[in-house]
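Me: I'd like to go through the aromatic rings in this one. Can you take my questions as they come?

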Amino acid sequence: MRSVYKIIVLCFVLVSCVNSHKNNTLTSIETESAEDRIAMLKREIVSKSEFYDAEFLLFNVNGFTNSRITSIPGPSSWDYQFAIKVEQLEVKHWIADFTKIDAKEYTSDWTNSLVIHRKQNWEIKSTPEVYKREESNTFIIIYQKEGIVFKRILGE
């Protein structure tokens with residue numbers, strides 16, 4: 001009886017690990033519709049306001065909302081990168097609990113690769129402002145005039 005129990009547990013763990021590795025990255029690259037990209041991203045983040053376009057590359061070692069049915073949570077590790085377009089007056093909601101830092105202190109190379117495949121939707125002409133949440137690895141880069149918010153959340 002103990003052997004049967006061990007085999008069942010082992011099978012469950014193996015299936016959970018396989019499922020979580022297949023579903024640990026979520027990207028907007030192949031999603032043409034802005035409405036679909038927005039809906040996908042809203043399922044995975046806490047939204048501070050409405051937004052009308054989105055691009056994202058999300059990594060979560062434990063998978064995402066639609067892939068956690070059979071998975072056993074493991075150690076946490078994530079890297080969420082996303083860009084959203086909001087009304088100019090809504091930008092302030094995204095940086096409410098952040099501190100402005102010198103833009104030279106933070107590398108923003110990831111922002112270009114995030115939006116390159118639909119670059120025409122993300123034209124930027126203003127100077128960026130960079131913000132950091134105290135005691136965390138969360139950064140926001142805003143382009144106030146364009147209403148563009150880039151956010152990166154790193155966690156372990």
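**Rings and charges**

Me: What kind of model is this, predicted or experimental?
Reply: It is a predicted model.

Me: OK. How many aromatic pairs does the structure hold?
Reply: It holds five. Take W110 and F150 as one of them.

Me: Where do W110 and F150 sit in the chain?
Reply: W110 is in helix α4, residues 109–115. F150 is in strand β7, residues 148–155. They are 40 residues apart, so the pair links distant parts of the chain.

Me: Is W110 buried or exposed? And F150, buried or exposed?
Reply: W110 has a relative accessible area of 8%. For F150 the value is 2%. Buried means under 20%, so W110 counts as buried. F150 is buried too, for the same cut-off applies.

Me: Why is the pair of Y143 and F150 called edge-to-face?
Reply: Their planes are at 75 degrees, and over 60 counts as edge-to-face. The ring centres of Y143 and F150 lie 6.1 Å apart. Y143 is buried, like F150.

Me: New topic. Which residues form an aromatic cluster?
Reply: F51, F82 and W94 form one.

Me: Which charged residue sits over the ring of F51?
Reply: K42 does. Its charged end is 5.4 Å from the centre of the F51 ring.

Me: And what lies over the face of W122?
Reply: K85 lies there, at 5.4 Å from the ring centre.

Notes. Residues numbered from 1 in each chain as written. Predicted model: local features only at pLDDT ≥ 70, side-chain atom pairs only at ≥ 80, totals over all residues. Heavy atoms only, no water. Phe/Tyr/Trp six-rings, centres within 6.5 Å; stacked < 30°, edge-to-face > 60°. Helix = DSSP H or I, 4+ residues; strand = E, 2+ residues; numbered from the N terminus. Buried < 20%, exposed > 50% of the residue type's maximum accessible area, 1.4 Å probe, protein only. Lys NZ or Arg CZ within 6 Å of the ring centre and 35° of its normal.
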